[in-house]
Amino acid sequence: MQIISIKLLNFKQYKDAAVTFGEGLTGFIGKNGAGKSTVFEAIAYALFGRVDGSLSEIRNDKAAENAPVEVTLCFEDRGQDYKVIRKISGRNNTSQAELFKGELPVCNGTTAVNKEISRILKSDYKNFNLSFFARQKEVGQIQTLNKSERSGHIRQMLGLSKLDRLEELLKIEAKQLESERKGMKTSLMSDEKVKNLNDDIKVLNEVISETEQKIAHAEDEVKSAESAKSDAISAFRAAQEMQNRYNQLNSKIEVKQTGIENTEKNIVKLTAEITGLEEKEEEYRNKSGVREEYRQAEEELASLRILRDGYNKREQLLKNLAGHDESWKKTEQELSSDTARLNALAGNSIRLEAKQNETAVLTSAIDENKAAAGIIENTLAPLKSARSKDEKRLQHIKKLGIDADCPECERPLGDHYDLLIRKYTGSIKETDEKINILTVQLTDVNTRGTELRETLQKCTKELNDFLKIKNDEDILKALIAGHEKQRAEKEELISGIKEELNGLGEINFDAAAFEASEKKVTTLKKENDELNKLEGEISKLPGKRAELPELNERLNTLNSELADLRKDLLALGYDPVVFDQIQENRDKAENNLLAKEKFLGELKNGFDVKNSELNGINQRLSDNEKNKKAVEDAENTKLLYDRLRETVTGFKNTVTSRELPEISRIASHLFSQITAGRYEDLRISEDFELYVSRDSKSVLLSTLSGGEKDLAALCIRIALSKRISTLAGRNNMGFLALDEVFGSQDRERRDELTRTLNTISAEFRQIFVVSHNEDVQEEFPNRLVISRKAGFSDAVLVRA
């Protein structure tokens with residue numbers, strides 16, 4: 001496999017970057033955090049659609065929430081070019097994927113593309129990372145872990161940990177099956193129990209056959225009883241219809257008899273009413289003269305009411321006139337008092353205007369003073385911030401000491417230490433001088449501001465006093481205008497009342513005569529009301545006289561209809577005794593049917609009980625046979641699991657015994673190249689201890705120096721990658737990525753490592769090496785320089 005090019009859009013630190021790679025060794029050069037390892041993450045994401053963490057976290061922090069994320073990777077494998085495009089779009093982070101073979105589309109959709117790439121590379125996401133990528137932490141673990149931990153680490157990389165889990169699962173399943181087999185075996189029935197149950201089945205079959213015959217006979221008797229019941233019900237229904245007709249005729253006879261009684265009572269009552277009304281008619285003729293007398297009394301009372309109303313109105317007007325005269329005098333006094341108070345406040349407006357102008361001038365001066373102080377403070381803030389940063393840098397350098405490594409380039413500070421101390425000290429001194437000058441200026445401006453604010457406070461107090469006087473002035477003017485309006489309104493009211501009094505003149509009113517007239521009208525009104533009541537009652541007399549003949553005629557009609565109904569009742573021929581006999585026959589037929597049906601139901605229930613008992617015995621025998629079969633199946637399955645576990649154990653031992661020597665051979669060859677033959681026979685023992693031959697003597701790897709151990713661990717990691725790739729079906733990896741492998745090496749070892757990587761690049765076609773050590777970049781034939789510009793990462797490929 002070979003990586004040809006990659007293009008990143010809004011992927012993590014990268015806004016828009018594209019790189020075309022060549023064959024051989026390529027160094028990824030840049031400071032920590034520049035985005036070197038991100039390129040490896042993008043390669044893995046393009047191939048398998050996965051990243052460490054959530055997909056929602058790979059969008060560039062500065063990109064819009066719905067900005068698209070896109071990675072385009074072109075690669076070659078076994079002589080065939082491929083291109084894969086992966087996108088994340090929208091706020092919901094919808095994933096899309098496309099795969100091309102040459103220029104022709106192969107498939108689209110994340111699932112289909114993942115499956116096809118795994119088929120092409122013969123590797124999944126985890127295997128790809130283990131085979132093609134070697135990170136500094138992974139490399140270091142090989143030589144820092146103890147034997148047990150190293151065994152688990154290497155076995156996991158080779159995929160043996162899955163076989164360990166499979167072996168344990170097979171052991172657990174076999175144990176569970178054995179437990180289940182023993183439990184099922186205890187539930188099996190004995191042969192004697194099976195024989196007894198079969199005998200019970202024969203007896204139950206005989207009982208069931210006999211019951212079926214009884215049920216058939218009972219069903220015939222039920223049918224016969226149903227027919228008898230049907231005939232009895234038909235006879236009862238005919239008798240019931242005759243009974244209904246008989247009851248209807250009796251009901252009509254009762255209605256007619258009641259009508260006759262009521263009509264006779266109404267005739268007697270009506271005759272009495274007519275006699276009473278004729279007596280009231282005579283009384284009405286005797287009292288008819290009261291109406292004229294009542295009319296004349298009402299006319300006399302109406303004339304007296306007019307005189308009374310005029311007299312009362314004149315008295316009220318005189319009372320109102322006296323009240324308005326008193327109110328007018330009070331308003332005149334208040335008007336005179338408020339006018340004198342207003343005249344005493346003359347000249348305040350001129351003083352108020354002068355004080356307002358003075359306040360405006362002071363306010364403008366204070367605003368200018370604040371603006372000047374703000375300018376000085378804005379100049380001081382960045383100076384203080386810069387001084388704080390320089391102070392922190394100075395203290396940090398002093399804390400590190402002259403023998404420490406630079407936190408950025410990891411090289412010793414040395415002479416650069418004193419240079420940094422002088423630089424930061426001088427910068428702090430120069431900043432302090434500027435800050436002192438500006439602080440003095442700010443103090444002067446703030447003092448002037450305080451003086452201006454005190455003067456403004458005094459001026460504002462005086463202005464408020466003038467404004468209060470102005471407010472009193474406005475209130476008095478409003479009061480005077482109100483008084484003048486009230487005086488005019490009072491004068492107008494008084495004039496109107498006097499004119500109305502003159503129009504009324506003198507009024508002579510006799511209260512005693514008015515009272516006597518009212519009593520007379522009240523008495524005559526009562527007598528007139530009684531006369532009207534008599535007139536209303538006697539108006540009904542003609543109607544009552546006409547109603548009497550109609551009642552007599554209705555009485556004759558009801559008597560005739562009653563005679564006809566009695567004839568129809570005799571002709572019907574209904575006999576209650578016969579009806580009761582027919583009803584009794586129906587009840588007997590229904591009870592007989594119920595008894596027959598109950599007996600049939602009892603037979604069927606007994607049949608169901610025996611049949612259920614028979615089915616239960618058959619089911620128990622069937623379940624016993626199934627349990628016997630399950631016991632046999634469990635025994636066979638457990639035997640199969642035991643054999644599978646033995647096979648897995650043998651396969652693991654075979655892989656371990658075969659792969660450890662092969663990994664050791666490849667690692668030893670690489671380590672011998674790097675150390676120019678000083679060390680040979682780098683190997684992993686069967687108990688996963690690490691050994692190496694030095695001066696023809698086998699020693700533990702842990703006895704070597706730190707840099708030599710790191711080199712040996714790197715060689716073992718590369719050997720593991722080659723074997724993992726081979727086990728996955730790839731004979732040639734083609735591509736290898738090493739992340740921060742120069743960390744603890746001295747200059748000489750770094751040079752040796754670089755030369756070795758150049759040497760083995762023929763095996764891999766491409767080797768990518770990440771490093772932030774700029775002193776090794778010249779050793780790489782190809783360099784991918786990664787830096788941060790305007791908040792984004794940028795990558796530029798430089799060829800030697």
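Start by selecting residues 36-48, helix α1: 11 of its 13 residues are buried, so the helix is mostly covered. Keep in mind as you click around that this is a predicted model. To see which residues are tucked away, colour Lys36, Thr38, Val39, Phe40 and Ala42, then carry on with Ile43, Ala44, Tyr45, Ala46, Leu47 and Phe48; these are the buried residues of α1. Now step just past the end of the helix to Gly49, where phi is positive, at about 70°.

Select 94-101 for strand β6 and 104-108 for strand β7; the two pair in the antiparallel sense, with four bridges between them.

Then jump to helix α13, residues 576-674, and pick out Ser668. Is Ser668 buried or exposed? Its relative accessibility is 13%, and because the cut-off for buried is under 20%, Ser668 counts as buried. Show what surrounds it: beyond its neighbours within four places in sequence, Ser668 is in contact with Glu680, Asp681 and Leu682. Zoom in on Asp681, whose backbone nitrogen is 2.9 Å from a polar atom of the Ser668 side chain.

Finally, zoom out and colour by domain. Domain 1 takes in 2-136 + 704-799, while domain 2 covers 312-503. Going by C-alpha atoms, the centres of domain 1 and domain 2 are 67 Å apart.

Definitions and conventions. Residues numbered from 1 in each chain as written. Predicted model: local features only at pLDDT ≥ 70, side-chain atom pairs only at ≥ 80, totals over all residues. Heavy atoms only, no water. Buried < 20%, exposed > 50% of the residue type's maximum accessible area, 1.4 Å probe, protein only. Polar contact = N/O pair within 3.5 Å; in protein donor to acceptor, adjacent residues only side chain to side chain. Contact = heavy atoms within 4.5 Å. Pairing = 2+ DSSP bridges. Domains from an automatic or database assignment.
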